[in-house]
Amino acid sequence: RLAHRAMDLLTLPRGLSRTRQVRSIAAVYLRYLRLISDTPSPSNADEEAAFTEILESFIMDRGSVPAAIAAGLDALKDERREVEGEWDGRRMDEMEDALYRFFTARVGLRFITEHHILSARDQTKLQELRDRQSRLEDVPLGWNKDVDGSFLGCIQKNCDPVWEVRRVATQVMKHCRECYGIAPEVEVVDCTSRRDADAEFTYVPHHLQYMLAELLKNSCRATVRRYLSGQSVPEEVQSSPSLMDIAIANRVSSFVHSSSPPSTSPSAP
């Protein structure tokens, strides 16, 4: 999988693979590939712990790769603007499709790695690792310690989407105010029916948090830019286990438009 992700990056179309930022990410994947290849398969508890430490060293930073790719796209756009007609919609769509395939595969790689780490770790380190996963703009979202027993690795048997939406919305509004001085009020509506009130929603909370954060950040940014007068415009988020059957079938925003800060030190995967 590491080799495939490196090849995905090194074969990105329209010159994107030749940008310094993308090549640096590919080099990180190849470095970890060599490290894993040189590590013997674990055969006892000590070797298993050492192997898990290696995985942990490169899995926890989830923001630098998207930020570096966005920087590569920006650099390529600046270069291509000098050639009239070079940066057209068709070529942009081709790069978007290639990046979508890369990021979809990356989610799978990160999932199995994170699941192994959280399944192998002792209880004393689980809190720290989950806190590092549940961050928005490098600020911990907090953790519901009452649900610790409902986890298997990074999968939560009874994930509460309403609670997740509310805490992500709170942090997104705070971040929006810090960036723009104003923020729309995000109204979270729990539309769970009585029939589904006791239903369990099994999911990976930090994946849900990341998707919610990107959707809400994009919405808040667009709303603030439209209403520069400071008028508060509510955004309604409907949430229930029956509605949270999330399928990432359509992209909601371009990979070029990212609110992540630029990174000068990419970390994979």
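## Terms and basis of the model

A residue is called buried when its relative accessible area is under 20%, exposed when that area is over 50%, and partly exposed in between, as computed with a 1.4 Å probe on protein chains only. The model is predicted, and local features need pLDDT of at least 70, side-chain atom pairs count only at pLDDT 80 or more, and totals for chains, interfaces and linings use all residues. Residues are numbered from 1 along each chain as its sequence is written, and side-chain values use heavy atoms, with hydrogens and water left out.

## Helix 2

Helices are DSSP runs of H or I with at least four residues, numbered from the N terminus. Helix 2 comprises 18 residues, 20–37, and at 1.5 Å a residue it should span 26 Å, which agrees with the 26 Å between its end C-alpha atoms; the expected span is taken as 1.5 Å times one less than the number of residues.

The buried residues of helix 2 include Gln21, Val22, Ile25, Ala26, Val28, Tyr29 and Tyr32. They cover an arc of only 150° around the axis, and therefore lie on the same side of helix 2, the arc being that of the directions from the helix axis to the C-beta atoms. On the face turned away from this buried side, helix 2 carries the exposed residues Arg20, Arg34 and Ser37.

## Salt bridges

Side chains of opposite charge can pair when their charged atoms come close. With a salt bridge defined as a side-chain nitrogen of Lys or Arg within 4 Å of a carboxyl oxygen of Asp or Glu, the structure holds 7 salt bridges.

One of them joins Asp8 to Arg5, with the closest N and O atoms 3.0 Å apart. Asp8 and Arg5 are 3 residues apart in helix 1 (residues 2–10), and so are separated by about one helical turn. Asp8 is partly exposed, with a relative accessible area of 26%, whereas Arg5 counts as buried at 9% relative accessibility.

Arg14 is partly exposed at a relative accessible area of 29%, and Glu94 is partly exposed at 33%.

Asp196 forms a salt bridge with Arg195, for which the closest N and O atoms are 3.8 Å apart. Asp196 counts as buried at 16% relative accessibility, while Arg195 is exposed, with a relative accessible area of 74%.

Methods:
Helices (H or I, at least four residues) and strands (E, at least two) are DSSP runs, numbered from the N terminus.
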